[in-house]
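Open the structure and keep the sequence beside it. We will walk through it in short steps.

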Amino acid sequence: MASISAYPTEANTEAVSGGTDWDYTGSPSLIAAINASDDAYATCDGEKSYWLKCCNFSDFTAGIPTTARIVGLEVWVEGKSSGTTIDNEIYLCYKGERIGSNRAHSVSWTSVENTMTHGGSYDTWGLRLTADYTLPCVAVKDESFGVHISVKNDGGTASIDSVKMVVHYLENQDTEIQICNEALAKIGEPPITSLEGTDARSKNCALSYSS
């Protein structure tokens, strides 16, 4: 399995009713605040939810082979909070709309900056993902593909230093191990490294693979 990561190339902000937009400090623009781990922050204050709307990742346009099979996707949010903040909703977005399953943890952010990971190497967020423009799948190489981020504040300031997306994909024909690991991921089990392993997952995969 291969992987590629990218920072967003575009970002917008849209306040939920009663909220305020994200701001940026120490940076010339919102996108410049979140497309590098450089202590230039996108920030929001208050007690409402806020969208960091559709951070698009057009760098994937050239980086992923057209024939690649997308098997998982992660979103890394590097941030901190001076009060009580939780990631309320973390969705993928496509052509301006939220799509797939919510991958928010609803866990309080810490006062010390750290990286929070959403999704996984075998998690497609409840979607059929593809590299290019094969309908009815969602194309990660489409320049409108990105992530939608909402947080909830209870006082203090939520700060995001960077947002990064990691796409995991298969370049060639599936191997036995890759097929088994995709099946294991769908039932929430960790991957295996061999069909000859002595653990229960490996034994069951070896027993069931042919059928």
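Start at Asn-204, which lies in helix H4, residues 200-208. Helices here are DSSP runs of H or I with at least four residues, strands are runs of E with at least two, and both are numbered from the N terminus. Asn-204 is partly exposed because its relative accessibility is 46%. The cut-offs are these: buried means under 20% relative accessible area, exposed means over 50%, and partly exposed is in between, with a 1.4 Å probe and protein chains only. Cys-180 is 24 residues away from Asn-204 along the chain, and their C-alpha atoms are separated by 9.9 Å.

A word on the source. This is a predicted model, in which local features need pLDDT of at least 70, side-chain atom pairs count only at pLDDT 80 or more, and totals for chains, interfaces and linings use all residues. Residues are numbered from 1 along each chain as its sequence is written, and side-chain values use heavy atoms, leaving out hydrogens and water.

How confident is the predictor? The score is pLDDT, the predictor's confidence in each residue, from 0 to 100. The chain has a mean pLDDT of 82, and 86% of its residues reach 70 or more. Confidence is lowest in strand E5, residues 49-56, with a mean of 51. It is highest in strand E9, residues 114-120, at 95. Where pLDDT is low, the predicted coordinates should not be read in detail.

Now take the whole chain. It has four helices and 13 strands. Of its 211 residues, 46% are buried. Contact means heavy atoms within 4.5 Å. Take the contacts between residues at least 6 apart in sequence: 72% of them join residues at least 24 apart. The chain exposes about 10,100 Å², and carbon and sulfur atoms supply 47% of that area. Accessible areas come from the Shrake-Rupley method with a 1.4 Å probe, and for residues only the protein chains shown count as cover.

Next, the inside. A nonpolar core is a set of buried Ala, Val, Leu, Ile, Met, Phe, Trp, Tyr and Cys residues joined through side-chain atoms within 4.5 Å. The largest such core has 40 residues. Which residues have the most contacts inside it? They are Ile-64, Leu-73, Val-75, Leu-92 and Phe-145. Several elements give two or more residues to this core, including strand E1 (2-6), helix H1 (30-34), strand E6 (69-81), strand E7 (85-94) and strand E13 (157-170). E13 gives the most, with six residues. Another core lies apart from it, with five residues, among them Cys-180, Ile-192, Leu-195 and Cys-205.

Cys-180 also belongs to helix H3, residues 176-186. There Gln-178, Cys-180, Asn-181, Glu-182 and Leu-184 are buried. Their cover includes E6, E13 and H4. Just after H3 comes Gly-188, with a positive phi of about 75°.

Turn to strand E7, where you find Asp-87. Is Asp-87 buried or exposed? Asp-87 counts as buried because its relative accessibility is 1%. Leave aside its neighbours within four places in sequence, and Asp-87 is in contact with residues including Ala-104, His-105, Trp-109, His-118 and Ser-150. Lys-152 is 65 residues from Asp-87 in sequence, yet their C-alpha atoms are 6.4 Å apart in space.

Now the loops. Gly-26 is in the loop between strand E3 (23-25) and H1. Gly-26 is exposed because its relative accessible area is 79%. Asp-38 is twelve residues from Gly-26 in sequence, and the two are 9.9 Å apart, C-alpha to C-alpha. Asp-39 sits in the loop between H1 and E4. Its phi is near 65°, a positive value in a residue other than glycine. Asp-39 is exposed, with a relative accessible area of 53%. Trp-125 is not a glycine either, but has a positive phi of about 60°. Trp-125 lies in the loop between E9 and strand E10 (129-130). Trp-125 counts as buried because its relative accessibility is 0%.

Finish with the rings. A charge sits over a ring if NZ of Lys or CZ of Arg is within 6 Å of the ring centre and within 35 degrees of the ring normal. The charged end of Lys-95 sits over the ring of Tyr-94, 5.0 Å from its centre. Arg-98 places its charged end over the ring of Tyr-91, 5.1 Å from the centre.
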